[in-house]
Amino acid sequence: MPGLLLRNIFRFVILILLQVLVFNHMNLGGYLNPSIYILFILLLPNNINSSLLLLLGFITGLSVDLFTNTAGLHAGSTVLLAFMRPGIIRLLFGNLEFGPGESPGLNKLGVSGFFRYTLVLVFIHQLALSLLEVFNFHHFLFTLSRAFFSSLLTIFLVMIIVLLTTTRKKH
Amino acid sequence: MRNLFQFLWRNQFFTLFIILEIVSVLLLSNSFSYQRTLKFNFVNDFSGSIFSSYSGITNYFGLQQENDKLVVENARLRSLVPLATENIDSLSVHPDSLYTYIPAMVVSSTVSNPNNLIMVNKGEKDGVEKEMGAISSMGIVGIVIGVSEHYSVIMSMLHQNMKISGRIKSNYQLINVVWDQTDYLLGTIIDIPSQIQLQPGDSIVTSGNSLIFPKDLLIGVVTSHERNTGGLLSTAILEFSTDFNSLRHVYLIKNQMAAEQDSLLIKISE
């Protein structure tokens with residue numbers, strides 16, 4: 001169990017640093033902004049206390065906000081992501097049994113399962129993020145397209161990170 | 001009442017979700033207007049120090065371009081020297097031209113968000129205050145909205161709450177410049193009097209009305225102007241003279257007379 005805690009703390013620090021130092025400055029196409037830090041929330045153990053999940057979502061978002069001077073923006077959208085997570089897991093993988101401390105990662109869900117899981121949650125997160133960021137409906141289509149393409153980029157990067165860092169279990 | 005609390009406790013997950021979202025939106029609401037941002041922006045030295053140690057590494061990669069820019073600026077300043085020394089007459093120096101400049105290095109900046117901020121490595125200790133202007137060797141950059149001990153945050157021109165009072169250089173007409181959030185190279189000129197037809201290449205400069213920026217500082221160059229039919233005011237597109245994506249050095253400028261001019265304006269309006 002302490003191994004699990006340490007692994008998550010390590011993942012939190014690395015992902016936040018990668019996000020604020022590298023990915024916030026990627027600037028692809030002039031307006032795309034991937035949010036890879038949400039991988040921390042995606043990979044939390046499945047049996048985590050649901051209130052703790054929400055609080056961790058809030059803390060993760062607020063940590064990114066601390067660096068971008070956007071208090072509340074990432075916090076709000078990551079809380080929404082954390083709120084949706086248990087429901088989405090139940091919806092997509094209803095009959096899957098999780099052991100204690102087991103996370104909905106690549107090894108558990110398989111590449112296609114993890115891809116679907118990431119796809120749904122990243123779209124929800126990016127849409128919330130884009131709407132909260134402008135907080136109005138001017139240029140609504142532009143906001144939507146920003147959310148859509150940033151989501152594609154986020155999903156792509158999250159899949160690469162996960163594929164590179166997960167040691168696959170041999171069956 | 002008791003039933004309500006029981007209900008909330010049973011639905012802990014949902015209740016906590018709503019509470020955290022409300023807290024987030026309340027925090028976020030501080031960025032909804034320029035005035036609120038100015039009042040509630042809290043910059044911290046912690047993120048600044050992480051950014052600056054990181055940019056200490058990455059800065060080496062851009063040294064060549066940065067040198068080129070400085071050479072160009074030196075040349076421009078040199079060309080102004082004879083002009084400046086010839087015209088100096090102790091009686092004709094107007095106190096409204098008293099601006100002090102604090103050079104600063106960018107430690108973190110974005111251009112891809114709807115609201116972009118720039119963090120620089122000078123803060124309270126160096127004399128930076130809120131509402132100071134920020135310029136680069138190429139033109140206008142933004143306004144300081146938050147200061148910590150060693151760092152400050154600039155609201156760049158690429159921010160939805162930003163609105164700069166400008167002039168068309170050729171005919172002194174007053175206009176305003178905003179950003180429409182789509183392209184970081186292009187700004188929008190609004191409030192153009194309907195009788196004015198702008199040509200691509202016309203320069204837009206600061207008006208000096210804001211007390212923050214000196215007048216005649218370059219904002220950008222007009223790229224296109226669609227004459228609108230019917231309305232009194234039309235809009236046009238301009239290309240910012242500052243390249244916000246490659247920004248490394250900025251100057252923070254303080255109008256020494258701002259306090260006096262400000263209090264005069266307040267006195268008049270009372």
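Hi everyone, let me start with one residue: Asn74(B) is found in helix α5 (residues 63-87) of chain B. Helices here are DSSP runs of H or I with at least four residues, strands are E runs of at least two, and both are numbered from the N terminus. Is Asn74(B) buried or exposed? Asn74(B) is exposed, because 11 other C-beta atoms lie within 10 Å. For the cut-offs, a residue is buried with 20 or more other C-beta atoms within 10 Å of its own, exposed with 12 or fewer, and partly exposed in between, with C-beta atoms placed from the backbone. The C-alpha atoms of Asn74(B) and Ile204(B) are separated by 23 Å, and the two residues are 130 apart along the chain.

A quick word on the model itself. This is a predicted model, where local features need pLDDT of at least 70, side-chain atom pairs count only at pLDDT 80 or more, and totals for chains, interfaces and linings use all residues. Residues are numbered from 1 along each chain as its sequence is written, while chains are lettered from A and ligands numbered from 1 in the order in which they are written.

Now the barrel. In chain B, six strands close into a barrel in the order β1-β2-β5-β4-β3-β12, with antiparallel pairing. Two strands pair if DSSP finds at least two bridges between them. From one strand to the next, the twist averages 45°.

Let's follow β1(B). Strand β1 (residues 99-109) of chain B is joined by three bridges to the antiparallel strand β2 (residues 115-120) of chain B. β1(B) and β2(B) form a hairpin, with five residues between them. Val106(B) has Val120(B) as its bridge partner in β2(B), and Ser109(B) has Ile118(B). Which strand is joined to β1(B) by seven bridges? That is strand β12 (residues 249-255) of chain B, again antiparallel to β1(B). There, Met105(B) stands opposite His249(B).

Lying across β1 and β2 of chain B is helix α4 (residues 45-58) of chain B, which runs at about 80° to β1(B). Axes are lines fitted to C-alpha atoms, for helices over the stretch in contact, and angles run from 0 to 180 degrees between N-to-C directions.

On to where the chains meet. The contact takes 33 residues from chain B and 29 residues from chain A; two residues are in contact if their C-beta atoms, placed from the backbone, lie within 7 Å. On the chain B side, α2 (12-28), α4 and β2 each supply at least two residues. α2(B) gives the most, with 10 residues. By class, the side of chain B that touches chain A has 15 nonpolar, 16 polar and two charged residues. Ala, Val, Leu, Ile, Met, Phe, Trp, Tyr, Cys and Pro count as nonpolar, Asp, Glu, Lys and Arg as charged, and the others, Gly among them, as polar.

Finally, chain A. Helix α4 (residues 73-92) of chain A packs against helix α5 (residues 106-134) of chain A at an angle of about 155°, with their axes 9 Å apart. α4(A) and α5(A) are therefore roughly antiparallel; angles under 35 degrees count as roughly parallel, over 145 as roughly antiparallel, 65 to 115 as roughly perpendicular and the rest as oblique. Residues of α4(A) in this contact include Leu73(A), Leu80(A) and Ile88(A), and those of α5(A) include Val120(A) and Leu129(A). The contact of α4(A) with α5(A) has 13 nonpolar, four polar and three charged residues.
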